[in-house]
Amino acid sequence: MSEETMTIRQMCDAFDVTPRTLRFYESKELLSPRRLGNRRLFTRRDRARLKLILRGKRFGFSLEEIRQMLDLYDTDGGEKAQLERARAAAEARLADMERQREELTATIAELKAQLEWGDRMLESYGKATAAA
């Protein structure tokens with residue numbers, strides 16, 4: 001094994017993923033490790049792709065969206081096409097996340113108001129019971 005390749009265990013340790021995750025990404029054609037008998041050997045390319053896959057997942061992209069972006073690198077446009085597509089997708093995802101944050105902020109404020117109302121109601125019941 002060379003420094004250029006890593007075993008499945010080394011990949012798991014380096015990226016904090018399970019062997020099952022790596023095999024799943026391989027089955028979805030997101031990774032394509034070399035085979036040496038039954039052993040999978042992951043190249044620098046696989047490591048770079050896994051880093052992008054994990055980042056894409058963290059940002060909320062589907063595996064299909066990630067696959068499409070990764071596949072752009074192998075087309076005629078190469079890295080430039082991949083970066084342009086990734087940037088456009090990231091802008092759209094950011095806008096969606098900001099919209100979700102605004103909705104969540106409004107929902108949190110509404111829930112806090114309901115809790116305050118509930119506290120006032122409970123307090124009034126307590127006063128009514130004490131007066132009786």
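A residue counts as buried when its relative accessible area is under 20%, as exposed when that area is over 50%, and as partly exposed in between. Keep those cut-offs in mind for the close-ups below, which all come from a predicted model.

**View 1. Phe-24 and Tyr-25, an aromatic pair.** A search of the whole structure turns up 1 aromatic pair. The ring centres of Phe-24 and Tyr-25 lie 6.0 Å apart with their planes at 55°, so this pair is tilted. Which of the two residues is buried? Tyr-25 is, because its relative accessibility is 5% and the cut-off for buried is under 20%. Phe-24, with a relative accessible area of 37%, is partly exposed.

View 2. Helix H3 takes in residues 44-58, which makes 15 residues. How far apart are its end C-alpha atoms? They are 21 Å apart, and this agrees with the 21 Å that H3 should span at 1.5 Å a residue. On the buried side of the account, H3 contributes Asp-46, Arg-47, Arg-49, Leu-50, Ile-53 and Gly-56. The cover over these buried residues includes helix H1 (8-15) and helix H2 (19-27), along with strand S2 (39-41) and helix H4 (63-73). Just after H3, look for Gly-60, which takes a positive phi of about 95°.

**View 3. Arg-49 and Asp-71, a salt bridge between two helices.** The side chains of Arg-49 and Asp-71 meet in a salt bridge, with an N to O distance of 3.9 Å. Arg-49 belongs to helix H3 and Asp-71 to helix H4, so the pair ties together parts that are 22 residues apart in sequence.

View 4. Stepping back, Arg-49, Glu-64, Arg-67 and Asp-71 are linked in a network of salt bridges.

View 5. Arg-99 and Asp-96 bring their side chains together in a salt bridge of 2.5 Å, N to O. Both residues lie in helix H5 (residues 78-131), where they are 3 residues apart, or about one turn of the helix. Arg-99 counts as partly exposed at 37% relative accessibility, and Asp-96 is partly exposed too, with a relative accessible area of 24%. The salt bridge count comes to 12.

**View 6. Confidence along the chain.** How confident is the predictor in this protein? The average pLDDT is 89, and 92% of the residues score at least 70. Confidence is highest in H1, at a mean of 96, and lowest in H4, at 85.

Notes:
Residues numbered from 1 in each chain as written. Predicted model: local features only at pLDDT ≥ 70, side-chain atom pairs only at ≥ 80, totals over all residues. Heavy atoms only, no water. Helix = DSSP H or I, 4+ residues; strand = E, 2+ residues; numbered from the N terminus. Expected span 1.5 Å × (residues − 1). Buried < 20%, exposed > 50% of the residue type's maximum accessible area, 1.4 Å probe, protein only. Contact = heavy atoms within 4.5 Å. Salt bridge = Lys/Arg side-chain N within 4 Å of Asp/Glu carboxyl O. pLDDT = per-residue confidence, 0-100. Phe/Tyr/Trp six-rings, centres within 6.5 Å; stacked < 30°, edge-to-face > 60°.
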